[in-house]
Amino acid sequence: MLPRHLYVHVPFCARRCAYCDFSIAVRAVVPVADYVAAVKRELQLRFPGSERWELDTLYFGGGTPSRLSGDGVQRLVDVLRERVVLAADAELTLEANPEDVSPATVRAWHTAGVNRISLGAQSFDDRVLAWMHRTHGAAHAANAVSIVREGGIDNVSLDLIFALPSSLDRSWELDLEQALTLGAAHISLYGLTIERGTPLGRWVERGQVDESPEERYEEEFLRAHEAMTTAGFEHYEVSNFARPGRRSRHNWAYWSGAAYAGIGPSAHEFDGDRRRWNVAPYEHWRRRLANGEDPVDDSEELTPENRATETVYLGLRTARGLRLSERELSAVTPWVDAGWASVEDDARLVLRAPGWLRLDALTRSLTASRSL
Ligand code: SF4
């Protein structure tokens, strides 16, 4: 059975952000024709045949997919449509950086079928954006939201980063306020992590930047929960908030354990039993395909233990929660008493925001009790 969800990785970025350790390809000029031709080869090589392949969701992630510009996204969609059919109500998301958004590009994306834009805003403070080595300013992000909406795409998600070093003196409240004022349909939060080998990792090693204390992470996470749920958003996954009816259907498929296909450098795929992922460097991926080879890097079969952990983790990270046995229900009473979780009538345990701050520990605890 062909999966109903497809992820396409577009690796290009204008430059590397200070905190980013993703596998990206920094290019001043994006090789659109080469990239699209390689995607076409991967589709032909890995998904031959002509049986109908219908998608409920298609997601262009990166990297910075908006670097393909209007025409590049149209060409990419055209190539994909040679093999896939988008369901009538399919969700087609494009990750975009604010500086790539213009009335002309949005028009082209809309015409190509894009109906959801995930915008990498991160902050609305120019000083903070410059520190992050982002390529856009605060005004860009605010303008981009209006341009996207005026171009006919009203499903806009904003990414924000929190838990920045105290020395930056960033106002998280102002950023939250601004994100809410812009009227986004969805907001995703990312706690800053310090990765070795990134500019930020080196700054921390040299003592030039302080790491944000855990209390700051917790405080800002809870503050975001408060501000957004008060504004009418559902906190439907540990890091994601949506207006009613605006959850990310593509990401929800991941969190539900659904099968999905992945194309492009470093793209991951899951068929329900096995995961596979492609080689990450762009040139490596492209050369493999040019030689007629599968660009797979590695794969793994989900063991029963992996599956058990994953069931618990995926259930607890979402508002769907996890159905518990009688024995487990009594074991989690202290969590409910502490305000970390609630138990619904159908015996589902659903974490609350303070519980999501303890997601890993609670997952370990429940998984361990299940294996006894
Ligand atoms: S735009 Fe995104 S993928 Fe590209 S360098 Fe910045 S954080 Fe990484």
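**Salt bridges, cores and backbone geometry in a predicted model**

Reader: With which residue does R247 form a salt bridge?
Author: In this predicted model, the closest N and O atoms of the pair are 3.1 Å apart. R247 lies in the loop between β10 (240–242) and α9, and its partner lies in strand β9, so the pair ties together parts that are 13 residues apart in sequence. The residue that forms the salt bridge with R247 is E234.

Reader: Is E234 buried, partly exposed or exposed?
Author: Buried requires under 20% relative accessible area and exposed over 50%. E234 has a relative accessibility of 28%, so E234 counts as partly exposed.

Reader: How many residues apart in sequence are the parts that R83 and E51 tie together?
Author: R83 forms a salt bridge with E51, with 3.2 Å between the closest N and O atoms. R83 is in the loop between α2 (69–81) and β5 (85–96), while E51 is in the loop between α1 (32–46) and β4 (54–62), so the separation of the parts tied together is 32 residues.

Reader: Which residues of α11 are buried?
Author: Helix α11 covers residues 304–317 and reaches 20 Å from its first C-alpha to its last, close to the 20 Å expected. Elements that cover its buried residues include β9 (234–237), α9 (249–255) and α15 (359–370). The buried residues of α11 are V312, L314, G315, L316 and R317.

Reader: With which residues is L80 in contact, leaving aside its neighbours within four places in sequence?
Author: L80 is among the residues with the most contacts inside the largest nonpolar core. With its neighbours within four places left aside, the contacts of L80 are L6, V8, V39, L43, L58 and F60.

Reader: How many charged residues are in the shell around the ligand?
Author: The residues around the ligand include C13, C17, Y19, G63 and T64. By class, the shell has six nonpolar and three polar residues, and its number of charged residues is three.

Reader: Is the peptide bond from G62 to G63 cis or trans?
Author: In general, most peptide bonds are trans. G63 is found in the loop between β4 and α2. The bond from G62 to G63 has omega near 25°, and its form is cis.

Reader: What is the phi of D169?
Author: Most residues other than glycine have a negative phi. D169 is placed in the loop between β7 (156–162) and α6 (172–181), and D169 is exposed, with a relative accessible area of 63%. D169 is a residue other than glycine with a positive phi, near 55°.

Key. Residues numbered from 1 in each chain as written. Predicted model: local features only at pLDDT ≥ 70, side-chain atom pairs only at ≥ 80, totals over all residues. Heavy atoms only, no water. Helix = DSSP H or I, 4+ residues; strand = E, 2+ residues; numbered from the N terminus. Expected span 1.5 Å × (residues − 1). Buried < 20%, exposed > 50% of the residue type's maximum accessible area, 1.4 Å probe, protein only. Contact = heavy atoms within 4.5 Å. Near = heavy atom within 4 Å. Nonpolar A, V, L, I, M, F, W, Y, C, P; charged D, E, K, R; others polar. Core = buried A, V, L, I, M, F, W, Y, C linked by side-chain atoms within 4.5 Å. Salt bridge = Lys/Arg side-chain N within 4 Å of Asp/Glu carboxyl O.
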